[in-house]
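Work through the exercises below with the sequence and the 3D structure open. Try each task before reading its solution.

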Amino acid sequence: MHKIQFDLILDEKSIQEEETGLYIEGYATTFGNIDRDGEIHEKDIQALKKAMDDYMATNPIVLVEHGKHPVIGKTPFGHLVSYTIDHIGIRVKAYLEKPVWEPVLEYYNKIKSGTVRTFSISAMFEKFANGVIKAREVIETTVTSVPAN
């Protein structure tokens, strides 16, 4: 299995601000299109549901840049609240608590302003020779500035 990341684009309707934080939502991956890595996410509803249910039940954290941000690192940024799978892909909703630490607050404000507009899900996938991949285990969800999908 390979670790692969999928991304979503947030629009203004997808950001809901509250006093204590932000709710953001959008598609974490879509089915049937070729991403920048030349891969196609298979629409295997049962496998995706199992992977997402296991993730939601254990540790549905949201990181910044897959924990690779030079200052923020693997500091949790929020958590996934819910997901749905439909004919388009996996739609997720995450809650990001309003941070007090300046580097995280700076990134948070970039999400609010629309500068940072993508998510990515890091997961273990089974990859087939034709470029099709099938989800097996979701590892984390990330807010990122550079999408693959």
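**Exercise 1.** Find which residue in β7 stands opposite Ser 82, and describe how β6 and β7 are joined.

*Solution.* Start at Ser 82. Its opposite number in β7 is Lys 93. Next, count the bridges. There are 6 between β6 and β7 (residues 89-97), and the strands run antiparallel. Strands pair if DSSP finds at least two bridges between them.

The model is predicted: local features need pLDDT of at least 70, side-chain atom pairs count only at pLDDT 80 or more, and totals for chains, interfaces and linings use all residues. Residues are numbered from 1 along each chain as its sequence is written, and side-chain values use heavy atoms, with hydrogens and water left out.

**Exercise 2.** Identify how strand β5 joins β6.

*Solution.* Take β5 (residues 61-64) and β6 (residues 78-85). They run antiparallel, with 2 bridges. Ile 61 stands opposite His 79 in β6. Strands here are DSSP runs (E, at least two residues), and helices are runs of H or I, at least four residues, numbered from the N terminus.

**Exercise 3.** Determine which residues of α1 are buried and which exposed residues lie on the face turned away.

*Solution.* Apply the cut-offs: buried is under 20% relative accessible area, exposed over 50%, partly exposed in between (1.4 Å probe, protein chains only). Ala 47, Leu 48, Ala 51, Met 52 and Tyr 55 are buried. They sit on the same side of α1 because they cover an arc of only 120 degrees around the axis, taken from the directions from the helix axis to the C-beta atoms. The face turned away carries the exposed Gln 46, Lys 50 and Ala 57.
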